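Let's take a walk through this model together, starting with the whole chain and then stopping at a handful of residues. Keep the 3D view open as you read.

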Amino acid sequence: MNKLVEINFDGIVGPSHNYAGLSLGNIASASHKGDPSYPRAAALQGIAKMRGNMGRGLEQGFLLPLPRPNFRLLNDLALGDDAEPALRAAAWSASSMWTANAATVSPAPDTADGRCHLTPANLVTMLHRAQEWQDTQAQLRIAFGDPRHFTIHDAVPASFGDEGAANHMRFCEGHGAAGVEVFVYGKQGGRFPARQHEQASRAVARLHGLDPARCVFVEQNPEAIAAGAFHNDVVAVANERVLFTHARAFADQAGAYEAIRAAFPALEVVEVAEEDVSLAEAIRTYLFNAQLLTLPDGTMALVVPGECQESASVWAWCEKMLAGNGPIRKVIPVDVRQSMANGGGPACLRLRVVADPATVDARFMLDEAKAERIESVIAQMWPEQIDPRDIGTDALAKTVLEAREALLGVLSLDELA
Ligand code: SUG
């Protein structure tokens with residue numbers, strides 16, 4: 001019997017996690033450029049978040065850090081010892097931790113052939129992210145390797161930027177039921193790059209065999225991109241019938257609701273007004289970069305960054321919302337500060353896949369015993385601190401390579417070495 005549930009695949013934060021200021025338009029990345037980073041603490045924060053969700057009775061999986069430094073990229077760019085720091089840092093980036101950008105996922109009930117389809121995101125806009133997709137695909141091919149249940153595509157052509165699930169929302173009555181998939185794209189011309197191209201979204205929808213009547217394409221608000229919402233998931237998140245969104249997320253807010261409602265009449269919108277939480281404050285605290293989860297009792301919880309609790313306006317809004325009788329019944333702050341300082345909140349750190357856990361390669365599924373084993377490798381092998389001037393040194397390369405290798409070893413995933 002197929003038991004389709006939502007599984008969150010969190011990216012384990014890699015041992016080279018650092019702040020190189022690589023992402024134009026991502027305010028946190030720019031403002032933490034050059035700060036020392038704490039890879040061990042970062043990775044342990046990520047595991048603690050996964051454990052929290054497992055403890056709530058939810059299915060939890062993970063994806064592994066990609067090989068860094070990426071010698072292929074260093075060679076392709078012919079980088080020597082005098083390399084420009086930002087170029088060298090790209091080959092060291094641990095950015096694959098943000099698995100909401102790993103792929104776009106259409107679960108089996110939505111697709112023409114009844115399989116779950118995954119398309120790795122080409123991430124072409126940023127050099128440090130454009131190197132991810134082939135290695136991500138190799139991992140997806142193992143984790144979701146059963147062709148009776150999954151199809152893994154190639155990334156869409158590089159002319160059209162695709163940033164994956166971060167710009168994709170799915171509405172449904174329950175995760176295992178047929179859904180309506182909403183793709184959010186940006187238009188170029190603003191102060192910052194628009195990282196999701198409309199034609200990339202449309203190609204993904206076609207590749208996945210989605211019913212055109214159950215797809216909606218919506219433009220992101222250029223003002224939101226200009227304010228630092230480099231992905232839609234910085235200003236909106238969906239779960240089942242609910243869209244939780246800032247009032248300035250979409251270019252035509254009312255039109256977006258109308259278009260989604262035309263395909264999915266049960267839509268319930270929880271909108272946060274600019275007067276309650278400004279767009280700038282929403283982006284600073286990442287209120288919307290939350291995991292909107294259906295708990296085993298059927299109610300919804302919002303897992304938000306700890307920064308939300310420290311913001312007077314955001315927390316006041318959350319308390320007022322909880323006092324009402326809307327669909328979100330709990331707000332749970334988590335500490336993912338190391339990731340947040342690079343612009344990655346709780347939602348960025350996970351890829352949602354609706355599937356029967358029994359059809360996924362069990363090595364990618366988490367349980368308490370495995371979480372402990374992973375934590376102990378991280379505690380022993382992940383650098384405690386990385387100073388920007390360590391990037392590129394042989395000593396740090398050795399530490400980072402050995403750390404990842406040790407993790408692959410305890411998970412019996414040496415084929416990814
Ligand atoms: O692509 N930051 C990531 C953050 C990704 C967040 N993901 C989602 N919103 N789903 C990015 O901008 C910063 C790396 C650096 O500057 O060192 C970075 O890549």
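Start with how much is tucked away: buried residues make up 59% of the 417 residues in the chain. Here buried means under 20% relative accessible area, exposed means over 50%, and partly exposed is anything in between (1.4 Å probe, protein chains only). A word on ground rules: this is a predicted model, where local features need pLDDT of at least 70 and side-chain atom pairs count only at pLDDT 80 or more, while totals for chains, interfaces and linings use all residues. Residues are numbered from 1 along each chain as its sequence is written, and side-chain values use heavy atoms, with hydrogens and water left out.

Now the overall build. You'll find 14 helices and 15 strands in the chain; helices (H or I, at least four residues) and strands (E, at least two) are DSSP runs, numbered from the N terminus. The radius of gyration is 20 Å, close to the 22 Å that the globule rule gives for 417 residues, so the chain is as compact as a globular protein of that length. That radius is taken over C-alpha atoms, and the globule rule is 2.2 Å times the number of residues to the power 0.38. Along the principal axes, the C-alpha atoms fill a box of roughly 55 × 50 × 40 Å.

How do the parts of the chain meet? Take the contacts between residues at least 6 apart in sequence: 76% of them join residues at least 24 apart. Contact means heavy atoms within 4.5 Å. As for charge, the mean positions of the 36 positive and 51 negative charges are 1 Å apart. Lys and Arg count as positive and Asp and Glu as negative, with His and the chain ends not counted; each charge is placed at NZ of Lys, CZ of Arg, CG of Asp or CD of Glu.

Next, the aromatic rings. Rings of Phe, Tyr and Trp (its six-membered ring) pair if their centres lie within 6.5 Å, with planes under 30 degrees apart called stacked, over 60 edge-to-face and the rest tilted. By this rule there are seven aromatic pairs. In one of them, the rings of Phe 244 and Phe 288 have centres 4.6 Å apart and planes at 40°, so the pair is tilted. Phe 244 sits in strand 10 (residues 242-246) and Phe 288 in the loop between helix 10 (279-285) and strand 12 (291-294), so the pair ties together parts that are 44 residues apart in sequence. Both of these Phe residues are buried. Elsewhere, Phe 9, Phe 144 and Phe 150 form one aromatic cluster.

Tyr 286 has a positive phi of about 60° although it is not a glycine, and at 5% relative accessibility it is buried. Back in helix 10 you'll find Glu 281, which counts as buried at 17% relative accessibility. Leaving aside neighbours within four places in sequence, Glu 281 is in contact with Ser 311, Ser 313 and Val 314.

Now turn to the loop between strand 2 (59-63) and helix 3 (71-76), where Leu 64 is placed. Leu 64 is buried, with a relative accessible area of 3%. Beyond four places in sequence, its contacts include Ile 12, Phe 364, Leu 407 and Leu 411. The C-alpha atoms of Leu 64 and Arg 404 are separated by 8.6 Å, though the two are 340 residues apart along the chain. Pro 69 is in this loop too, and a cis peptide bond joins Arg 68 to Pro 69, with omega about -5°.

One last stop: Leu 123, in the loop between strand 4 (116-120) and helix 5 (127-130). Leu 123 has a positive phi of about 50° although it is not a glycine, and its relative accessible area of 1% makes it buried. Arg 129, found in helix 5, is buried at 3%, and among the residues it touches are Trp 98, Leu 123 and Arg 195.
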